[in-house]
Amino acid sequence: MEQSQKKSFLLYFDNYPCLTALSDAQRGKLMLLLFRYAMEADRHPVEPESFIEQEPDLPPETRMAFLFVAQGIRRDTDRWRVKQQRYSEAARRREELAASRKEQENAEMIYYLNRFQEEHRAAEAGKQESGAQEADRKGSPRGMRGRSI
């Protein structure tokens with residue numbers, strides 16, 4: 001099963017004081033950086049410190065707020081990956097179990113079909129044998145049943 005991409009990230013209320021200390025322009029820049037970081041972290045693990053190095057002109061307050069919030073995003077993304085892996089493994093096991101059950105059902109069906117065919121053949125053979133004996137009995141004089149002359 002293919003692993004899907006993460007579709008969201010969380011901002012926590014305990015980050016609110018960090019955000020209110022920034023100007024509107026800094027908050028806007030921070031939000032764009034957080035979105036970019038969350039998308040990048042979804043593709044492959046990346047530390048917030050190394051990601052923020054791409055923005056050398058970022059004011060120190062915005063940089064600090066980014067690092068606080070990005071740590072939560074990284075932590076949540078790591079947890080999401082573990083959970084996603086667990087779900088994928090469980091789905092794979094369910095598929096294997098369903099395939100195994102289907103194979104077992106098919107084997108049982110073949111067994112019962114073969115058994116039915118054998119019983120049917122035996123019954124047919126018994127009918128033919130009793131039919132031959134009946135014909136033999138009807139065509140022979142009473143004392144000569146089953147004997148050759």
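Helices here (H or I, at least four residues) are DSSP runs, numbered from the N terminus, and so are strands (E, at least two).

First, some ground rules. This is a predicted model, where local features need pLDDT of at least 70 and side-chain atom pairs count only at pLDDT 80 or more, while totals for chains, interfaces and linings use all residues. Residues are numbered from 1 along each chain as its sequence is written, and side-chain values use heavy atoms, with hydrogens and water left out.

**Helix α2**

Helix α2 is 20 residues long and runs 29 Å from its first C-alpha to its last, close to the expected 28 Å (the expected span is 1.5 Å times one less than the number of residues). Its buried residues are Gln-26, Leu-30, Leu-33, Leu-34, Tyr-37, Ala-38, Ala-41 and Asp-42. They sit on the same side of α2, because they cover an arc of only 165° around the axis (the arc is that of the directions from the helix axis to the C-beta atoms). Over on the other side of α2, you'll find Asp-24, Ala-25, Leu-32 and Arg-43 exposed. As for the words, buried means under 20% relative accessible area, exposed means over 50%, and partly exposed is in between (1.4 Å probe, protein chains only).

**Salt bridges**

How many salt bridges does a search of the whole structure find? There are 10, each one a side-chain nitrogen of Lys or Arg within 4 Å of a carboxyl oxygen of Asp or Glu. Here are three of them:

| Pair | Closest N and O atoms |
|---|---|
| Arg-27 and Asp-24 | 2.3 Å |
| Glu-55 and Arg-36 | 3.2 Å |
| Asp-78 and Arg-81 | 3.7 Å |

Take Arg-27 and Asp-24: both lie in helix α2 (residues 24–43), 3 residues apart, or about one turn of the helix. Arg-27 is partly exposed at 28% relative accessible area, whereas Asp-24 is exposed at 59%.

Glu-55 forms a salt bridge with Arg-36. This pair links distant parts of the chain, 19 residues apart: Glu-55 is in the loop between α3 (48–52) and α4 (60–139), and Arg-36 is in helix α2. Glu-55 is buried, at 15% relative accessibility, while Arg-36 is partly exposed at 34%.

Asp-78 and Arg-81 are both in helix α4, 3 residues apart, so about one helical turn separates them. Asp-78 is partly exposed, with 33% relative accessibility.
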